[in-house]
Amino acid sequence: MKIIDIRATTVTVPLEAPLRHANGVHWGRFVRTIVEVETDNGLIGLGEMGGGGESAEAAFRAMKSYLLGHDPARLEEMRFLIANPTASLYNNRTQIHAALEFACLDILGQAWGVPVCDILGGRVRDAVRFASYCFFRYPNPQTKSGEVRTIEQLVAHASELKRKFGFTTHKLKGGVFHPDYELEAYRALAAAFPEDSLRFDPNAVWSTEQAIRFGQAIEGLNNDYLEDPVYGLNGMRRTREMVRVPLATNTVVVNFEQLAANVLNTAVDVILLDTTFWGGIRACVKAAGVCETFQLGIAVHSSGELGIQLATMLHMGAVLPSLAFAGDAHYHHLTDDIIVGGLMKYENGAIRVPDGPGLGVKLDREKLGKYNELYKRLGNYPYDQDPARPGWAPLIPNDRWADPTDSRSGSIPY
């Protein structure tokens with residue numbers, strides 16, 4: 001087979017409500033770039049990358065000069081063609097490579113009549129468990145519903161997610177309000193679900209001293225881990241020395257050099273593998289093998305996926321024997337998807353690994369067009385800005401917390 005075309009289309013798909021995080025807000029939608037790689041025998045493989053617009057689409061068009069005529073089975077050569085480590089000092093293409101690898105694996109699975117997980121060694125599980133992934137949320141700009149600001153609203157929201165999807169692990173995305181308020185909120189979740197496990201993520205905006213204080217305060221809860229309380233390996237290491245809760249990260253161990261540094265002088269107990277951040281599914285499987293060797297935990301990280309990337313997360317999760325934790329997914333916050341059949345279904349807190357050849361998902365061309373037009377109307381949004389706090393940015397460590405008594409949400413185009 002030979003690659004004859006690469007196409008990229010930017011879409012924006014609505015969320016139930018805007019999601020607040022330590023560094024800004026998802027403004028009621030996700031922006032993603034959908035990639036199609038076509039071969040000379042008529043197969044089309046699908047990929048996906050976060051963000052989008054003209055710059056992302058142009059970046060994928062530029063890959064044609066590297067990959068037209070390339071055999072999609074020669075994945076290692078493709079990695080060095082477009083993401084050579086030295087060349088990448090000038091133009092980091094890790095995430096571009098990931099989307100193209102997704103598409104090539106999809107092509108190979110279709111050509112060989114097997115799911116991607118079979119190419120990666122075969123599944124050890126048929127479904128991947130996920131956490132509830134609770135956010136503080138602004139109300140939906142249209143319906144004015146879905147707000148999560150108070151502790152009562154948070155517990156009610158998590159309860160509804162558990163009822164609807166069957167989650168038995170609950171993650172709270174924090175770093176929005178003062179740590180004392182979020183500690184009270186986290187304890188309320190623990191009290192509401194005494195049989196379930198918990199995890200907390202303030203997106204690395206705390207000081208090391210604050211991380212130690214919070215970490216020690218939650219030691220008696222049923223924690224999976226405390227995720228990215230501070231930024232940097234040394235801060236994580238200092239926190240780990242003082243806190244009896246496993247630490248996890250998706251920020252300071254996201255490549256093999258950082259993984260080696262963590263192995264040699266451990267700062268993080270659980271590595272969160274992201275098929276985009278690490279440069280593809282195969283890189284995550286390779287990293288998982290290193291973690292297994294050195295007895296580090298692993299979990300699945302979410303970067304705001306639609307169905308194509310979710311499929312890569314499922315195929316990855318299917319083949320990792322040491323995956324002991326429920327994964328993260330923003331997926332249940334979406335109102336729709338761009339794959340045939342719409343949103344994948346949760347069963348008892350898990351999603352089944354697709355059985356079809358390749359990634360096992362197909363593009364819904366009508367939805368692709370619809371959400372491309374929505375993107376053209378709305379454009380991008382500043383992920384690192386809060387519409388209710390113009391010009392705001394968090395310090396690191398942060399002391400510019402939002403006020404939980406402030407019900408304003410700002411103006412959000414929808």
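This is a predicted model: local features need pLDDT of at least 70, side-chain atom pairs count only at pLDDT 80 or more; totals for chains, interfaces and linings use all residues.
1. Nine strands matter here. The open sheet of 9 strands runs in the order β3-β2-β7-β8-β9-β10-β11-β12-β13, and its pairing is mixed. Its edge strands are β3 (24-26) and β13, each of which pairs on one side only. On average, neighbouring strands are turned by 35° against each other, direction ignored.

2. **β7 and β8.** Strand β7 covers residues 134-137 and strand β8 covers residues 169-173. They pair in the parallel sense, over 2 bridges. Phe135 has Lys173 in β8 as its bridge partner. Helix α6 (residues 151-165) packs on the sheet and touches both β7 and β8. The direction of α6 makes about 135° with that of β7.

3. Strand β12 (residues 270-273) runs parallel to strand β13 (residues 297-300), and 4 bridges join them. Val270 stands opposite Gly297 in β13. Helix α11 (residues 281-293) belongs with these two strands: β12, α11 and β13 form a β-α-β unit, and this unit is right-handed.

4. **The α8/α9 pair.** Helix α8 spans residues 208-217, and helix α9 spans residues 233-242. Their axes lie 9 Å apart, at an angle of about 35°. The crossing is right-handed.

5. **Who touches whom.** On the α8 side, the contact uses Thr208, Glu209, Ala211, Ile212 and Gln216. They meet Gly235, Arg238, Thr239 and Met242 in α9. What is the make-up of the α8 contact with α9 by class? There are 3 nonpolar, 4 polar and 2 charged residues.

Terms used
Residues are numbered from 1 along each chain as its sequence is written. Side-chain values use heavy atoms; hydrogens and water are left out. Two strands pair if DSSP finds at least two bridges between them. A crossover is right-handed if, with the strands pointing away from the viewer, the path from the first strand over the helix to the second runs clockwise. Axes are lines fitted to C-alpha atoms, for helices over the stretch in contact, and angles run from 0 to 180 degrees between N-to-C directions. Contact means heavy atoms within 4.5 Å. A crossing is left-handed if the near helix is turned anticlockwise from the far one by less than a right angle, and right-handed if clockwise. Ala, Val, Leu, Ile, Met, Phe, Trp, Tyr, Cys and Pro count as nonpolar, Asp, Glu, Lys and Arg as charged, and the others, Gly among them, as polar.
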